[in-house]
Amino acid sequence: MRKNTVVGIDIGTFYVKVVIAQIQHNGTPPHIIGTGSALARGLRHGYITSQNDIVDSLKKALEQAQKEADVKVDRAYVSIGGVGLEDKYSNGEAIVSRANSEVSEIDTENALAEAEARISRELMNRKVLHAIPVSYLLDGKPILGRPVGMRASKLEVEAMFVTVLEQHLDDIVAVVEAAGVETIDIMAAPIAASLVTLTKQQKMVGCILANIGAETLSIVVFEENTPISLKVFPIGSTDITNDIALGLRVPLSEAEQLKRGVVTGDSVPQKKLDDIVVSRLKQMFSLIQDHLKKINRAGLLPAGIILTGGGAGIATIEDYARVALKLPSETTGLKLGEQRLKDASWAVAYGLCMCLADRN
């Protein structure tokens, strides 16, 4: 693979998407040089049901991206989504190891390891994708920012662990390998999407990113520029399409167009269509509101809810979210530096490239 090239692979329930980007050395975001997509076959709610089918889909997407970029892909950063994603909270502590009581990176790692060990029984058949410190205490007193370099005798951490079913993780890696690509690392899809859909200000003051996919609705909540909660629900925009097809007795292809407001006219009973869409949106936003209540953030996120993903294109969805959650609401587009990118359904694949570029 060409030097300074990064690749992101998003294996979604509806589409497999590949993005190839060139790392810039002037501080600007990576430059997109190739993209590819293919209908995803062999998945259900993010889980692989047929390895052969999804491998074929990935190969098609890779072929398109490689041809456009004139690059052979042999390594990539891969996202993982689906209802198997789950967050777990735990606390850990460590005695500061240096004689001068200065907190080191080793101390923070030890505290995180202790926090993970304390929830080990809850991690049966699961694997930790991300260990994210949410807050620290030094000698029992809360601090802002990183503790490294400060002085104390004891360090405590509250951490969020993003976990995934180990079998699902293994299946994703096996699919990418079968397509001839080495997996460098794996990132939770909602966090990858946040890298190109949210501003630092939104993440600092508090917001929720809702990615409405074909069969899943994933949310990630941010405060102080840190993800504090992540959840995936088994409901998506395809459910709305199916409801319209049944309610109006129209083909699925026409139902999809009606959902997006592309098809209108006297032949469409608008009130009935609106009632069908609102009924399913009500279910989606009720799930989000219940989760926000559970983590004590209902109505308390100043930057509100940011909607992304293929399902975010539903007409009036911003208005409904605003009323249902009593929060500011907006749909997000993608803009990476001076590049005007494709629609927000590409957020995960682009986000992977951003993360990879930062690591290089």
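**Salt bridges and a helix crossing in the predicted model**

R322 forms a salt bridge with D319, the closest N and O atoms being 2.9 Å apart, where a salt bridge denotes a side-chain nitrogen of Lys or Arg within 4 Å of a carboxyl oxygen of Asp or Glu. Both residues belong to helix α9 (residues 317-325) and are three residues apart, about one turn of the helix; helices are DSSP runs of H or I with at least four residues, and strands are runs of E with at least two, numbered from the N terminus. R322 is partly exposed at 35% relative accessible area, as is D319 at 43% (buried, under 20%; exposed, over 50%; partly exposed, in between; 1.4 Å probe, protein chains only). This is a predicted model, in which local features need pLDDT of at least 70 and side-chain atom pairs count only at pLDDT 80 or more, while totals for chains, interfaces and linings use all residues. Residues are numbered from 1 along each chain as its sequence is written, and side-chain values use heavy atoms, with hydrogens and water left out.

A search of the whole structure finds 12 salt bridges. One of them joins the side chains of E105 and R146 at 2.5 Å, N to O, and this pair links distant parts of the chain, with E105 in helix α2 (residues 105-118) and R146 in the loop between β9 (141-143) and β10 (154-165), 41 residues apart. E105 is partly exposed at 38% relative accessibility, whereas R146 is exposed at 53%.

Concerning helix contacts, S237, I240, T241, N242, I244, A245 and L248 in α6 meet L252, A255, E256, L258 and K259 in α7, contact meaning heavy atoms within 4.5 Å.
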